[in-house]
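Please read these notes with the model open beside you.

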Amino acid sequence: MLLCATSSLAQSPEAEVRAVIDRMFDGMRAGDSTMVRSVFHAGAIMQRATDNGMSSSSPDGFVRTVGTPHEQVWDERIWDVQIHVDGRLASAWMEFAFYLGDELHHCGVNSMQFYRSDDGWKIVYLADTNRGLSCDIPADLQP
């Protein structure tokens, strides 16, 4: 009976990856750079694809900016999250709308790659797009 109870408490790899995604966005909303830093692998790369090209960075600047006091809550709301796992590698694709407070700032898609280290799932690659305000946001995610 104990074995059944223990196995029912275990999360699927997909649920574990989703928890990492949620922790990053919860950290953004809270302005908690430590929480946001915790989801990234030491060698992680971030990229943004726009009509003007691709820009690359490490998460360091992003983490610093999240932790810098700002007046409005940074609220990235996601939907249509698709997660695929094979062994220690996972990928996630999701649509998002980024709000500054209650005002829509931009929307797009996030593409993330994860590696399951001995410390759990970590983001090794995060790329996103920025469609401006051209979004079809589900009603339950709008302010």
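1. Start with arginine 77. Arginine 77 counts as buried, at 15% relative accessibility. Buried means under 20% relative accessible area, exposed over 50%, and partly exposed in between, with a 1.4 Å probe and protein chains only. Arginine 77 lies in strand β3. Helices (H or I, at least four residues) and strands (E, at least two) are DSSP runs, numbered from the N terminus.

2. A word on the source. This is a predicted model, in which local features need pLDDT of at least 70 and side-chain atom pairs count only at pLDDT 80 or more, while totals for chains, interfaces and linings use all residues. Residues are numbered from 1 along each chain as its sequence is written, and side-chain values use heavy atoms, with hydrogens and water left out.

3. What does arginine 77 touch, not counting residues up to four places away in sequence? The list is Glu95, Phe96, Ala97, Tyr99, Asp102, Leu141, Gln142 and Pro143. Contact here means heavy atoms within 4.5 Å. A polar atom of the arginine 77 side chain lies 2.6 Å from the backbone oxygen of leucine 141. Glycine 43 is 34 residues from arginine 77 along the chain, and their C-alpha atoms are separated by 26 Å.

4. Aspartate 75 is also in strand β3. Aspartate 75 is buried, with a relative accessible area of 12%. Its side chain has a polar contact of 2.8 Å with the side chain of arginine 77. Another, of 3.0 Å, joins the side chains of aspartate 75 and arginine 29. A polar contact is a pair of N or O atoms within 3.5 Å; within protein, one must be able to donate a hydrogen and the other to accept it, and residues adjacent in sequence count only if both atoms are side-chain atoms. Leaving aside neighbours within four places in sequence, aspartate 75 is in contact with Arg29, Ala97, Phe98 and Tyr99.

5. Histidine 106 lies in strand β5. Is histidine 106 buried or exposed? Histidine 106 is buried, with a relative accessible area of 7%. Its side chain makes a polar contact of 2.8 Å with the side chain of histidine 105. Beyond four places in sequence, histidine 106 touches residues including Arg48, Phe96 and Asn130.

6. Now the aromatic rings. The whole structure holds 2 aromatic pairs. Phenylalanine 40 and phenylalanine 62 are edge-to-face, 6.4 Å centre to centre with 80° between the planes. Rings of Phe, Tyr and Trp (its six-membered ring) pair if their centres lie within 6.5 Å; planes under 30 degrees apart count as stacked, over 60 as edge-to-face and the rest as tilted. This pair links strand β1 to helix α4, 22 residues apart. Phenylalanine 40 counts as buried at 6%, whereas phenylalanine 62 is partly exposed at 21%.

7. Tryptophan 74 and phenylalanine 98 have ring centres 6.3 Å apart and planes at 70°, so this pair is edge-to-face. Tryptophan 74 is in strand β3 and phenylalanine 98 in strand β4, 24 residues apart. Tryptophan 74 is buried at 16%. Phenylalanine 98 counts as buried at 8%.

8. Last, the lining of the largest pocket. Its residues divide into 9 nonpolar, 7 polar and 3 charged. Ala, Val, Leu, Ile, Met, Phe, Trp, Tyr, Cys and Pro count as nonpolar, Asp, Glu, Lys and Arg as charged, and the others, Gly among them, as polar.
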